[in-house]
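Please look over the model below before reading on. The points after it are meant for someone who has not seen this structure before.

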Amino acid sequence: MNATKVVHRNYLVFWRGWRSSAVFSFLNPLLFLGAMGFGIGTLLGRENMAAFGGVGYLEFFSTGMLAATCMQSATFAATYPIMAKIRWYRNYEAMLSTPLQVRDLFFGELAWISLTQAIVAIPFFLVMVAFGVPETPLAILAIPVAVLVGLNFGAAVMAYTATLESDTSYNWLFRFVITPLFLFSGTFFPIDDLPRWAASIANAIPLYHGIELIRGLTFGDLEPGAAAWHLAFLVVFFGVATAVGIRNFHRRLIP
């Protein structure tokens, strides 16, 4: 597929700084889980396990953070790097002078985002294993679910980026969308503690569904009906975001 050409181009750029990326892929989850799990988790104590679904705070937080980290990473990958290729460096303009089509560009970027999310999710999961978080072999499926969460946000934010003329709107995106989602989609505490209206908003966001899937797979208590619902939400959201993204890219790049 022509989309692989875009992946190869991004790989050549990434290769120049892969060492620092690899170090931070392990260092970030190690620091997060150490500080939040053993820090706040120790303060909460084991007597509060019922509030977190019968697991300790380290286990609860780490599963949420796996999905949230992929959300944040994919969102950033779909903002400034894509804006640069559209407007500042006009890489896409040069690419479209070749046999590549707009769809190839979009799917190529999505494929690259999926690879970068795997680079984020696999080390994070290995740190979770080192801390003894997974309770079942099915926990390994948390990795592709985390990647799918990243793709949901990557596709949606790429669609948004294609409509922008400058990067000033990203300040609003990160402050008033991504940060609230990070805080109120079940990463730090169950959404059952939220007001009904806030819980309804969380239920309409891919991050919450990804976190629920990851937790269920990690602890082995995921009901088939709930798993089907969460997965269907992520797949449908991704499909809609991709369709809108391709349309927006076409409008922006083709006169």
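The numbered points below go from the overall fold to single residues.

1. This is a predicted model, in which local features need pLDDT of at least 70 and side-chain atom pairs count only at pLDDT 80 or more, while totals for chains, interfaces and linings use all residues. Residues are numbered from 1 along each chain as its sequence is written, and side-chain values use heavy atoms, with hydrogens and water left out.

2. The protein has eleven helices and zero strands; helices here are DSSP runs of H or I with at least four residues, strands are runs of E with at least two, and both are numbered from the N terminus. Of its 255 residues, 47% count as buried, where buried means under 20% relative accessible area, exposed over 50% and partly exposed in between, with a 1.4 Å probe and protein chains only.

3. Taking contact as heavy atoms within 4.5 Å, residues 24 or more positions apart make up 79% of the contacts with a separation of 6 or more.

4. Helix α3 (residues 57-77) packs on helix α10 (residues 206-219) at an angle of about 135°, and their axes are 9 Å apart. Axes are lines fitted to C-alpha atoms, for helices over the stretch in contact, and angles run from 0 to 180 degrees between N-to-C directions. α3 is therefore oblique to α10; angles under 35 degrees count as roughly parallel, over 145 as roughly antiparallel, 65 to 115 as roughly perpendicular and the rest as oblique. Among the residues making the contact are F60, L66 and M71 of α3, and L207, I211 and I214 of α10.

5. The largest nonpolar core has 69 residues. Such a core is a set of buried Ala, Val, Leu, Ile, Met, Phe, Trp, Tyr and Cys residues joined through side-chain atoms within 4.5 Å. Helix α7 (residues 142-161) gives the most to this core, with twelve residues. Another core, of six residues, lies apart from it and includes I191 and A202.

6. L66, M71 and L207 are among the residues with the most contacts inside the largest core, and Y92 is another of them. Leaving out residues up to four places away in sequence, Y92 touches I82, K85, I86, L105, E109, F249 and L253.

7. Beyond its neighbours within four places in sequence, N248 is in contact with A159, A162 and T163.

8. R90 is not a glycine, yet has a positive phi of about 55°. R90 is found in the loop between α4 (80-88) and α5 (91-95) and is partly exposed, with a relative accessible area of 43%.
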